[in-house]
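Thank you for asking me to look over this structure. My remarks are set out below as numbered points, each on a single topic.

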Amino acid sequence: MFDEQSSIRVPEPVHRTMINHARDCYPEEACGLLAGYPDGRLTKAYALTNIAHSPVNYVIDPSEHFGAMRDAESRGWELVGVFHSHTHSPAYPSSTDVALAVEPDWLYVLVGMERIDALSVRGFSIRDCRITEKTLSFDAHS
Amino acid sequence: MMHTIRLPTILRVHAGGDASVTACGSTVGEAFSDLGRRYPALASQLLDPDGSVPVFVNVFLNDEDIRYLKGLDTPISQPSEITVLPSVAGG
């Protein structure tokens with residue numbers, strides 16, 4: 001769904017939710033899911049619990065994952081991606097991220113926290129162990 | 001009794017590309033067994049060799065995680081929706 005988009009717009013509330021969740025969860029990795037329309041337009045970020053409670057790994061709480069899916073579907077959306085933070089490494093998928101990527105059509109957003117005063121947010125597709133960066137565009141005031 | 005089983009993208013290749021399939025059974029395990037008869041490759045993804053659900057596979061009967069019910073022995077008393085969700089994880 002994201003293949004056809006030259007740039008993926010990240011609405012300000014989606015951006016803010018990801019950034020705030022990354023900061024709130026620090027020093028643990030933060031994680032959550034992204035909802036959007038079937039054509040890939042992002043509508044909402046769900047800030048969810050990392051049940052690994054780790055600075056180097058994340059596992060999204062399965063019940064919260066299910067709840068987010070139900071909520072998205074009730075609004076005519078679907079889950080279209082996932083975000084998580086890297087607390088001490090760049091906003092780029094790790095080998096673990098690649099190995100565990102289960103949704104080839106999803107957008108994988110990384111929040112890099114190497115500089116706490118200048119977080120980096122980047123998006124990727126991960127398909128057949130191949131990483132492709134997707135251009136994200138943010139609202140001017142985000 | 002016929003149930004709908006919703007599949008994640010990664011498993012659809014084992015079910016002819018369908019997002020959901022149907023299966024019969026009076027427990028979740030029986031429904032998975034019925035599914036396995038028609039889609040053996042799918043069954044191997046949903047069940048470990050010892051017959052248990054893999055750690056990174058989550059199964060919901062309607063809105064309940066079967067881990068908090070009776071697992072694969074969870075009875076199904078009416079036509080239901082079973083959702084299979086892979087764990088979303090990384091590092």
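**Notes on the two chains and their interface**

1. The area buried between chain A and chain B is about 1800 Å², and carbon and sulfur atoms give 59% of that area. Buried area here is the accessible area, taken with a 1.4 Å probe, that two parts lose on being put together, summed over both. The model is a predicted one, in which local features need pLDDT of at least 70 and side-chain atom pairs count only at pLDDT 80 or more, while totals for chains, interfaces and linings use all residues. Residues are numbered from 1 along each chain as its sequence is written, chains are lettered from A and ligands numbered from 1 in the order in which they are written, and side-chain values use heavy atoms, with hydrogens and water left out.

2. As to confidence, chain B has a mean pLDDT of 95, with 100% of its residues at 70 or more; pLDDT is the predictor's confidence in each residue, from 0 to 100. Helices (H or I, at least four residues) and strands (E, at least two) are DSSP runs, numbered from the N terminus.

3. At the interface, 25 residues of chain A are in contact with 19 residues of chain B, contact meaning heavy atoms within 4.5 Å. The rule finds three salt bridges across the interface of chain A and chain B, a salt bridge being a side-chain nitrogen of Lys or Arg within 4 Å of a carboxyl oxygen of Asp or Glu. The elements that give two or more residues to the side of chain A that touches chain B are β4 (58–59), α2 (62–74), β5 (78–86) and α3 (95–100) of chain A, and the largest share of that side, seven residues, comes from α2(A).

4. Two salt bridges deserve a look in the viewer. E73(A) forms one with R6(B), where the closest N and O atoms are 2.4 Å apart. The side chains of R70(A) and D63(B) meet in another, at 2.9 Å from N to O; this pair crosses between chains, from helix α2 of chain A to the loop between β3 and β4 of chain B.

5. Within chain B, five strands form an open sheet of mixed pairing in the order β2-β1-β5-β3-β4. Its edge strands, each pairing on one side only, are β2 (20–24) and β4 (64–65) of chain B. Strand β3 (residues 57–61) of chain B is joined by five bridges to strand β5 (residues 81–86) of chain B, and the two run antiparallel; V59(B) stands opposite V84(B) in β5(B).

6. Most residues other than glycine have a negative phi, and most peptide bonds are trans. The peptide bond from Y26(A) to P27(A), however, is cis, with omega near 15°, and P27(A) has its place in the loop between α1 (12–25) and β2 of chain A. D128(A), a residue other than glycine, has a positive phi near 50°.

Technical notes: Pairing = 2+ DSSP bridges.
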